[in-house]
2 protein chains.
Amino acid sequence: MDEEFKLNTIAAADMPASDGSVDQEASSKHRRLSPAQRREDFIRKATTLFAEEGFDAGTRELARKLGVTQPLLYRYFPSKDDLIREVYKRVYLDRWQPEWDDMLGDRTRPIRERLQHFYDAYTDAIFDRDWIRIYLFSGLKGAAINKWYVSIVETRILTRIIEEYRNEAGLPAQEPAAAELELAWLLHGGIFYYGVRKHIYDSPVLEQKNRAISNALDVFLEGIASVFGTAVKTRSTAIRKVSGPEGQD
Amino acid sequence: MDEEFKLNTIAAADMPASDGSVDQEASSKHRRLSPAQRREDFIRKATTLFAEEGFDAGTRELARKLGVTQPLLYRYFPSKDDLIREVYKRVYLDRWQPEWDDMLGDRTRPIRERLQHFYDAYTDAIFDRDWIRIYLFSGLKGAAINKWYVSIVETRILTRIIEEYRNEAGLPAQEPAAAELELAWLLHGGIFYYGVRKHIYDSPVLEQKNRAISNALDVFLEGIASVFGTAVKTRSTAIRKVSGPEGQD
DNA sequence: ATTTAAATTTATCGACCGATAAATTAACAG
DNA sequence: CTGTTAATTTATCGGTCGATAAATTTAAAT
């Protein structure tokens, strides 16, 4: 893990969409694009192609989807691996929102509210077919950036969740124990798996994502309160029933 | 999902191991194996090869690992896809233990004990590098057997967990609501993700798997007890601290 | 020892892969 | 309209893929 990665600091670049299956545009036969635009299109289409078929998808199919020929790719990227690396960057780096760091640590608000706010926003960003499939494909490939990102999740999200919980519960501040981190992984992995079921298994999930998260947080916070032997005001609403579509309160 | 799958009913076949990187055996140059043994070797080695490199791994590399030539494969399998289907069967069907069904429904024991027993056994079977990687690779490929298995998890494990919890908590028996099932997925996915971190991300996890499961069950059962507005004796041990390696009780 | 059946290898095919070089053509400057 | 630059295409190479056919070799039967 020598290569250095750096999380997004500003909003991702916003360029024209061009999402159709074969981009032949309106006008004549061979339209010319600016190098920046063409390069952007390659990365964009490569992301969705690799997300669907894996990184073994062919460069010819990619070119076909862009309505260009295959060798053109090599005017913008020295090799297919370089293209893949650019896709990694888009997925892993550009989608991270700097404000997420602040959301979890904002002690002016109760932790329950912070967690809901964070996971609503975080899953809005990552529960995306392209993102989650590229994430798993790259994980299976053993890509360095995947391992790096896992460590980021641990330090910037999970460690913080434990720290903030201990603070709110009046427990002494300390480095989270391995077993405590593992509990944070339980929550995080449980929520993440919602996205896996939806976009990898193509399985039906509870339609209201925020409901699923809300219930998950209730269970988690009430659960660790009991397990830690501490009490913390956690529930967002009055105790009634598991809030789902059938009991629309 | 027209193809019918059938879960294992008896223990998986037990044939000689042959795990070395290149099986050239002791004796002479070209050893001949019985068709059954050779076929078995192909499936076995294909499982670990595909688990590592995905289903795009070449048939020549597979043959090389077995110390035979590539066309020999086609004497035992009509096509590579047929070999892959056999691998699927081994992973998805043969590892399922029929007794798991009974474990969760055995009302002579408290639900906490049943859950620990089940997840200890279940994860012993599936937290295996070959299993979990083949599982995700096939999921990403959209294999029918993967979707089928997800439905099996839902009906045979998660639905039952909710039913048994409701029973133990004295709640009226009823078809689990979608939001309740989603909570069971939270537990299941959280536990499953332990295996993903270990075998897909190659990330360090809490060494004692049963500890991680035990803590997960404590949080889950205490949590839903609060959320459901019910109380159920759940803790396995006295309330002390999150049981981890540091507080070895 | 000879014969026979089948397990295994050698040789090869057509398709596709990533990549390179050279020819072409669109767009723009004057 | 002409000339120049570079975006794009055409043509192609060497390698690998899954798969097939034919030759070979092992092992067992007689």
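Q: What's a nonpolar core?
A: A nonpolar core is a set of buried Ala, Val, Leu, Ile, Met, Phe, Trp, Tyr and Cys residues joined through side-chain atoms within 4.5 Å. Buried means under 20% relative accessible area, exposed means over 50%, and partly exposed is in between (1.4 Å probe, protein chains only).

Q: Okay, and how many residues has the largest nonpolar core here?
A: It has 165 residues. The ones with the most contacts inside it are Y119, Y122 and I157, in chain A and also in chain B. Keep in mind that this is a predicted model, where local features need pLDDT of at least 70 and side-chain atom pairs count only at 80 or more, while totals for chains, interfaces and linings use all residues. Residues are numbered from 1 along each chain as written, chains are lettered from A and ligands numbered from 1 in written order, and side-chain values use heavy atoms, without hydrogens or water.

Q: What does I157(A) touch?
A: Not counting residues up to four places away in sequence, I157(A) touches W96(A), L104(A), F118(A), Y119(A), Y122(A), I152(A) and H188(A). Contact here means heavy atoms within 4.5 Å.

Q: Switching to chain B: at what angle do α8 and α9 cross?
A: Helix α8(B), residues 144–168, and helix α9(B), residues 178–199, cross at roughly 110°, and their axes come within 9 Å. Helices are DSSP runs (H or I, at least four residues; strands are E, at least two), numbered from the N terminus. Axes are lines fitted to C-alpha atoms, for helices over the stretch in contact, with angles from 0 to 180 degrees between N-to-C directions.

Q: Parallel or perpendicular?
A: Roughly perpendicular. The cut-offs are under 35 degrees for roughly parallel, over 145 for roughly antiparallel, 65 to 115 for roughly perpendicular, and oblique for the rest.

Q: Which residues make that contact?
A: Among them are I157(B), L158(B) and I162(B) of α8(B), with L181(B), W185(B) and H188(B) of α9(B). By class, the contact has eight nonpolar, two polar and three charged residues. Ala, Val, Leu, Ile, Met, Phe, Trp, Tyr, Cys and Pro count as nonpolar, Asp, Glu, Lys and Arg as charged, and the others, Gly among them, as polar.

Q: How about α4(A) and α8(A), how far apart are their axes?
A: Their axes are 11 Å apart and they pack at about 10°, which means the two are roughly parallel. Y88(A), Y92(A) and L93(A) of α4(A) meet I145(A), N146(A), W148(A) and Y149(A) of α8(A). That contact has six nonpolar, one polar and no charged residues.

Q: Is E86(A) buried or exposed?
A: E86(A) is buried, at 16% relative accessible area. This residue lies in α4(A), residues 80–93. Leaving aside neighbours within four places in sequence, E86(A) is in contact with R39(A), I43(A) and F77(A).

Q: And where's R112(A)?
A: R112(A) is in helix α6 of chain A, residues 111–126, and counts as buried at 5%. The C-alpha atoms of R112(A) and S214(A) are separated by 9.1 Å, although the two are 102 residues apart along the chain.

Q: What's up with the phi of D202(A)?
A: The phi of D202(A) is positive, about 50°, although D202(A) is not a glycine. Its place is in the loop between α9 and α10 of chain A, and it is partly exposed, at 41%. D202(B) also has a positive phi of about 50° and counts as partly exposed, at 42%.

Q: Last one: how much do chain A and chain B bury between them?
A: About 4500 Å², with 69% of it on carbon and sulfur atoms. Buried area is the accessible area (1.4 Å probe) that two parts lose on being put together, summed over both. In chain A, L140(A), Y201(A) and V227(A) lose the most area to chain B, together 17% of what that side buries. The contact takes 55 residues from chain A and 54 from chain B.
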